[in-house]
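Dear colleague,

Here is the structure I said I would pass on. My notes on it follow below.

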Amino acid sequence: MEEYTIPTYIPEGFQADTPELYVDETGYMEFTVAYANGDDMVIFAVLGDGGTHTGSFEKDNSEVRIYTKNGTAHYFFKNLKTNLVAWTVNELEYSVRTTLPATELEKIVNSMYEE
């Protein structure tokens with residue numbers, strides 16, 4: 001995953017909004033795409049600035065679950081009614097948030113490693 005990758009799996013019935021890419025003069029980059037299906041959503045994001053960016057995420061008091069795929073730790077957690085997963089690869093910070101169950105997040109993560 002030398003360049004950033006996007007999921008190849010999004011649950012059936014979800015429609016993508018227009019992807020957004022922002023790059024500023026310092027090299028900070030942010031790519032996001034949101035998917036919606038009625039009241040449910042999936043938001044995928046990649047952030048990076050050459051290694052100095054450290055993101056922060058709000059979470060509730062539930063446990064963080066660490067899932068390792070291809071040697072990369074993926075951190076699953078909750079914030080209110082939203083499930084999230086965040087991880088870092090090659091100085092890029094990835095995250096997916098959704099109103100769907102965490103099992104769907106794991107499928108989305110796994111799809112990013114399929115060839």
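**Strand 7 and its neighbours**

Strand 7 and strand 8 (residues 92-98) run antiparallel and are joined by 7 bridges. In this pairing Asn83 stands opposite Thr98 of strand 8. The two strands form a hairpin with 2 residues between them, and Asn90 has a positive phi near 50° there. Please keep in mind that this is a predicted model.

Strand 7 also pairs with strand 6 (residues 72-79), again antiparallel, through 5 bridges. Tyr75 has Ala86 in strand 7 as its bridge partner. Strand 6 and strand 7 make a hairpin as well, with 2 residues between them. In that turn, Leu80 takes a positive phi of about 55°.

As for burial, strand 7 (residues 82-89) is largely enclosed by the rest of the structure, because 7 of its 8 residues are buried.

**The chain as a whole**

The chain holds 8 strands and 1 helix, in the order β-β-β-β-β-β-β-β-α along the sequence. It has 115 residues, of which 37% count as buried. Of the contacts between residues at least 6 apart in sequence, 46% link residues at least 24 apart.

**Thr32**

One further residue I looked at is Thr32, which lies in strand 3 (residues 29-37). Thr32 has a relative accessible area of 18%, so it counts as buried, the cut-off being under 20%. Leaving aside residues up to four places away in sequence, Thr32 touches Pro19, Glu20, Phe44 and Ala45.

Regards

Key: Residues numbered from 1 in each chain as written. Predicted model: local features only at pLDDT ≥ 70, side-chain atom pairs only at ≥ 80, totals over all residues. Heavy atoms only, no water. Helix = DSSP H or I, 4+ residues; strand = E, 2+ residues; numbered from the N terminus. Buried < 20%, exposed > 50% of the residue type's maximum accessible area, 1.4 Å probe, protein only. Contact = heavy atoms within 4.5 Å. Pairing = 2+ DSSP bridges.
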